[in-house]
Amino acid sequence: MDADELQLFKIVGKRECFRVPEGYFSQLAERVGDRLLQAPMPRRSFRLQLRRHRILAAATVAAVVALTSALWFGSHLASRQEQVSMSPSTPAVGHESHSDHLLDECADFAMLDNDDIYSYLDENER
């Protein structure tokens, strides 16, 4: 025993300081069960928490995608505008314009030859 414990033992002696009422431990389980049934349980569902986490994750992913695409398209657009401003406004003689090139790609994709194109244009003019 420690010196402090010996001093307390001299003051208190062998008598028991703490007393428990009769039948306290035999009825303890019933009383705790009754209190648990009476106490309202918090209604915090695991599914609700999971749904909130999923919504938060989806919103975070959408924000990251939007921010990344805005930054990429912004820098791409700025570099494209610099290229356009540096190029002459009218195409030089002998060079195809962008719309002519696009028309050729569409015609190749549709497998149209020049005769078909001319016949469609002729039909539309009538």
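The accessible surface of the protein comes to about 12800 Å², and 60% of that belongs to carbon and sulfur atoms. Areas come from the Shrake-Rupley method with a 1.4 Å probe; for residues, only the protein chains shown count as cover. The model is predicted: local features need pLDDT of at least 70, side-chain atom pairs count only at pLDDT 80 or more, and totals for chains, interfaces and linings use all residues. Residues are numbered from 1 along each chain as its sequence is written, and side-chain values use heavy atoms, with hydrogens and water left out.

**Fold and burial**

- The protein has five helices and zero strands. Helices (H or I, at least four residues) and strands (E, at least two) are DSSP runs, numbered from the N terminus.
- From the N terminus on, the order is α-α-α-α-α.
- Of the 126 residues, 1% count as buried. Buried means under 20% relative accessible area, exposed over 50%, and partly exposed in between (1.4 Å probe, protein chains only).

**Nonpolar patch**

- Val20, Tyr24 and Phe25 make a nonpolar surface patch of about 310 Å². Patch residues have over 30% relative accessible area and no salt bridge; nonpolar side chains (Val, Leu, Ile, Met, Phe, Trp, Tyr) are joined within 5 Å, like charges within 9 Å.
- A salt bridge is a side-chain nitrogen of Lys or Arg within 4 Å of a carboxyl oxygen of Asp or Glu.
- Phe25 sits in the loop between helix H1 (3-12) and helix H2 (28-38). Phe25 counts as exposed because its relative accessibility is 62%.

**Aromatic pairs**

- The structure holds two aromatic pairs. Rings of Phe, Tyr and Trp (its six-membered ring) pair if their centres lie within 6.5 Å; planes under 30 degrees apart count as stacked, over 60 as edge-to-face and the rest as tilted.
- Tyr24 and Phe25 pair edge-to-face, at 5.1 Å centre to centre and 85° between the planes. Tyr24 is partly exposed, because its relative accessibility is 31%.
- Trp72 and Phe73 also pair edge-to-face, at 4.9 Å centre to centre and 70° between the planes. Phe73 is exposed, with a relative accessible area of 52%.

**Negative patch**

- Asp100, Asp104, Glu105 and Asp108 gather in a surface patch of negative charge. Lys and Arg count as positive and Asp and Glu as negative; His and the chain ends are not counted.
- The place of a charge is taken as NZ of Lys, CZ of Arg, CG of Asp or CD of Glu.
- Asp108 lies in helix H4 (residues 98-110). Asp108 is exposed, because its relative accessible area is 60%.
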